[in-house]
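Some terms used for this model rest on set criteria.

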Amino acid sequence: MKKNIFSIALAATMLAFGSCTDVLDVDPRQSLTVDQALADVNGFNGIALTMYGRLRNFGYYGQTMMIAPEVLADNVLMIANTGRYIGEEVNQDRAHMQIWNTAIWSAINDANIILGGVDAVPGAEATKNRLKGEAHFVRALTHFDFARIYGYEPNREVNGFNLSTIVRTTPTLAFSDADLRTRSNIVQVYEQIEADLLAAIDLLPPVAMGSGAGVYRATRGAAQALLARVYLYWGRNDRAAALATQAMATVGLTENGTGLIEPADYRAAFNSFPNPESIFEIEIRQVDWSTVDGVNNSMSSLTSNAFPNAQFIASASRELIASMEEGDARMAAWEPTTRAGFAGPVFASNKWRGAKGEFLENLPILRGSELFLIRAEARQKLGDNAGARADLNALRSKRNLPAVDAGLTGNALFEAILQEKRVEFAMEGHRFFDLKRNGLAIRKHRGLPPVPFNDYRILSFLPQAQIQLNPDLVQNPGY
Amino acid sequence: MKKILLFGLMLLFASASAFAQSRIITGTVISQEDNEPVPGVSVVVRGTTIGVATDLDGKFSISVPENSNTLTFSFIGLRSQDVSIGNRSIVNVTMVPDVQSLSEVVVTSYGDQSKREITGAISSVKGEIFQDLPMQSFDRAIQGRIAGVQITSGTGQPGGTLNVRIRGVGSVNAGNDPLYIIDGVQVPSGGLAGQGSQNALASINPNDIESIEVLKDAAAGAIYGAQAANGVVIITTKRGQKGATKVRLSVQEGVVRPLGNYDVMDARQLATLKIEAFRNSGRNINDAIAVYGNPEDPNLFTNSWVDATFGDDRLSVYDLSMSGGDDKTTFFLSGSFTNQGSQLISADWQRATGRLNLSHRPNQKLTINTTLSLAYQKTNGAIDRGNFVNSPFQAAFTARPGVPIRNEDGSFRDYPSDHLFGYNIVQGAAEELRLANTVQTVSNIQLNYQFTPWLSFTSFAGIDFADIREENNRPSTIAAFRGQGGSSVFVDRRNVNFNTNHNFNFNKRIADVHNISGLLGYEYKSETREFMSATGQGFANPRLRYLQNAAVPLNVNSSFTEFVRVGFFGQAKYDYNDTYTADFILRRDGHSRFGQNVQYGNFGAASVGWRLSNEGFLRDVSWMDNLRVRASYGVTGNSEIPNFASLSLVASTGQYLGSPGLALSQLGNDLLTWEEAETINIGIDGIFFNGRVITTVDFWRRNSRELLFATPLPVDSGFGSITRNAGEVRNQGIDFDVQTVNVVAGKFRWSTSFNITFLENELLSIFGDDERVGNDLVVGLPLQPVFRAPYVGVNPANGRPMYRDVNGNYTYTIRDADVQDSFIGSLLPTSYGGLSNNFAYGPFSLEVFFQYQFGNLAINNDLFNLASTGSGPNNQLVDQLNHWRQPGDVVSNPMPWETGARPGGSSYTASSTRQISDGSYIRLKQVTLNYALPTTFTKKVGVAQANAFVQGINLLTWTNYVGIDPEVAALGLGGSFFAAFPNAQQITAGINLSF
């Protein structure tokens, strides 16, 4: 008996000793190694899908980029104090957009992984070009958002502060790639964005505006439209106008506005998926959300009372509603209603009614009407008042508004274009940037003091831990 | 051939004992403490296996062979004694309490060793210390009982987890939990379930525990090598003893009560404050009245969300055990049931346990031990920690008192949607199901073969298996879930821990003074964790909650993870004449978590002991019973990081356009290897004045280095951190433990146990030349430092909150620099311990036990919600009424301002020292009053011993902490917290009976 036990134990011990290296070979079952995952073009397509998915993050286009630029300016009246956006409404110290985090920077890394690796793996050339084009587009979009939140626009520097975002165009695949970088200057960043978008335009296929699932990924038209916007921010108005023209042709818009929706369809457009005017739209499905994401974080819950349990904390400001012209089709974007605990009429957004499911809807990021406004503003700044008015009127004709006064020029015309943009893109995240990029004070509602353009609160602030980690990273002035 | 020989030998022995001449010795055993007879004392003829136990009257009768002349009397808790028989036929013995516990044996999974020769720092707690305490799990039961061991209850959820830190916090990102070994099975601590805290260690009924040993330094822990850097806790359950079968029954019933609650406002107080805030901020005060009511209205409605959410609940503990055996087989069999409510209406915990511990010796050489346990735990949980509107510990305090909880018909009323996401917390607590059901076993089998008297071989295999099933049902009766038609999540988890070891033990005594012992072995350990969950939405009726009833199947999820660890170990020990001891340990461990070429690490320790009291120069010092110094040095390891932390991983990220996404989720590090803890310990053990004073003092230093450190990366790289071996943390301190018998006078006896640990913690380096990681880690400071701009009160001129800036001036707006340079302390305590006083008078005994810790800050984030002077929509602490009203007011709270976003300054709810207080506390942890019924009475009803007792837990707390329970603020769980589940007060009464 003892012999048996002894030999079994000995055998077990020897076995264990003998095979010790194999014993520790444990592989993850739910994850892949980089070599396994990125062996062919399908793996890179998986990365691209993640890259798009990151844009719907509530800290990015899922909420922040849509509503914060409205609240920080004069389009939104906060009608309930849940703690959210109440600081932004009064432009309090540090109440600003905050996207300098891994969730958003990862989208840039996804793009860099695709651009750095897809050429070396087997797969159809057309697929690779498409993926590269998409990566260039998202990398440009994300860098552009960092640039406009954390820095000034070219030639708009205050006190010569010309630092913009960090630029990353190489993938982080290992520790050594995650080097400490300095913020590039504004023009360097814009040049990088321009280069990316020009590459994207070459690589991406043309897709018509609002044409089904085609607009859920980047297209040539999207790259052209974004580049038009970038040039406008940059002050390169001729290029802005040219790209807007190219984009219109690509997505199927004509000079007189044909292709845009009819006035009666304005509200319905935002409850259709995709929006018929979408050039680039991010799709969301119920499965992307936990059970409480809708009520907690969706644009619908914050800006609308379409669902009885919505938070409904943000109304159109009364100044915005008052600024709208008689007969404007976009009045349909607002639902006059009341809010317990807030005296007087308030306005729920009909752009965000959660028509896809409880609080659920897609995120239109680039819409066709912006092209007319970009070109109008660019033309106005180039002195082409007639051209500017024509573009403005093309849009107004589709919003049930008469043509502007034919004698409108100069700053009055500029203000008219700005006003048109304010109304057209209310609750879509443009207003703060449109004032800032023009060097204007941030206009405010309900008698709040405007934020002068030279105030430190125009720029957001970098996370303190990043400044402490990276001695070469400069914080924005005033923080 | 050998078997026949063995059999023949045994026959020979048997006949020898049968035919030898013998005599009958009788007698009575009484206790010195109360002069009462002691039943169940083992009486053995020394040098033989002949033995009996005393009966209910303490009497025995034993047949003693002619050539034997000594009887050995032993009983747990009493000092064993050998009595020479001489010519007597009646031997009466008085047993004295065993205050000198050094003769005990410390059980490790690799073999037992006498505590007398241990050279490492080991502390021990006997199961009887916490017998019948309603403490749910042993980690809670030994809180404050052991020097050097800080135990805090991070949650008041009954059956919840605790945080155990042995000699400080050495690791930044890897685990700081000790290694738990329950009857040789390595059991991971922490929570089992996701729907409320459920303690993985609570499957063990504390009443089943014989003893708990805590191995604090490397000399003690190095035999466990790779896992021992945070210390080792060894739990040994009870085994049967040869003799008559003993039965023990204990029953107790009691109440659980809130320790306290925040004192929040009623509707009138809140409305008054909010109107002030609206007026001051230039808003329409009618808006405030519309929401909060008009304080001038004599009929203003108010109700207390706090009272509706928290209250008293029941507590019941039933425990039955049976033990006994014969020469070959002993057993311990037990069963228990606990039903413990909590102060929260929806949270409770039930546990049923069963255990069978068997030992069998088929022959003189082979011993088979097994422990089989099965436990069922059912937890109705609650959201614990986090600023969630569906957490009772947040919303019950923040909900507006002017909003009715119920409609007039008694049904729950929907809460206004502008606050708390429209969630009625009382309804949520009552109707949302957060259930966890766990079946767990911690079982093992051990074979021990004694080749020769000095050499044995042990094979051990043990398993910790837990199957956890969770449900979270959110019925459509609750407004927030109505749109979806309600939702249900079902989760299944299966955790399997397996470890097996095979080792030789030797122990040889040469020339009666040289004792050489040691062991050599191999160990394999694996852990797998599986997880599966499914979610459904849309139920036709809120009574339906199973997924079969769901209209929309929503999320499905499953995962699997595992690790493997192997180790080879050896120990050699030499002891000379019980005076000089030396001990050497070596261990080599490999872990699947680490980089391919650095999976193995070497660990070891060396220690020496010198018993001064055996030396001639001290032998005549009569008041010194024992004096020994110990010294040790060693290195142990830590590998508590995620299973695949060394690999670059590409993981799934959900879907886009219906197709699965992939992402690089983690940056790998091929060089990732063990974190090491280098420990030096110098200890002194002393026993003085005939065992009246027993003391242990340890001076220790633990340098944790090559930390498994999530070193930060610039977030613009797309990654927040990478795990690298970098950095060093030093903990050093003094553990002091003393047990004294202060007074013995007639029937009165007073004894005291006191322990305290003083320690300091310092981050010596991080990586490269870097000096700090954000405001979270700074070289030269303790871990868990707190950087906050100091709140210096309210400017009497204008009612603005003021903070001290970096230049020492006051400011309204906090800048980066004001925070970065304002180190105000650490969340780690600088001392902790416990004090127990035991008073006995005849059949009465009283234990009064205090537990304490000092020197730590506590960040109570609840104050952001409750102490913002009416900035937000939340109800406020009543003390917020004491706010600035007019120039010249010197008060601590500013002028109320709706939103708190007063232009020209930081938000009223900016992080500052306004949310921080001193986390030190002294707590009257336990008072137990016990009455031993007269045996003359109990015997008439066939009961050997009967006790009736009353006890209270968490009775009083002395602290300057601003909040409900400083204990849940301790240990800095994540640095700060919202809405923690505070501990409760428990008062129970019960009886225990022994047959």
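Two strands pair if DSSP finds at least two bridges between them, and a strand is a DSSP run of E of at least two residues, numbered from the N terminus. The model is predicted: local features need pLDDT of at least 70, side-chain atom pairs count only at pLDDT 80 or more, and totals for chains, interfaces and linings use all residues. Residues are numbered from 1 along each chain as its sequence is written, with chains lettered from A and ligands numbered from 1 in the order in which they are written.

Q: What makes β42 and β43 of chain B a pair?
A: Two bridges join strand β42 (residues 801–804) of chain B to β43(B), and at least two are required, so they count as paired. The two run antiparallel. R804(B) has Y810(B) of β43(B) as its bridge partner.

Q: What makes residues of domain 1 and domain 2 of chain B count as in contact?
A: Their C-beta atoms, placed from the backbone, must lie within 7 Å. By that criterion, 10 residues of domain 1 of chain B are in contact with 11 residues of domain 2 of chain B. The domain bounds come from an automatic or database domain assignment, which gives domain 1 as 18–98 and domain 2 as 243–259 + 311–784 + 827–865 + 916–994. The C-alpha centres of these two domains of chain B lie 41 Å apart.

Technical notes. Two residues are in contact if their C-beta atoms, placed from the backbone, lie within 7 Å. Helices (H or I, at least four residues) and strands (E, at least two) are DSSP runs, numbered from the N terminus.
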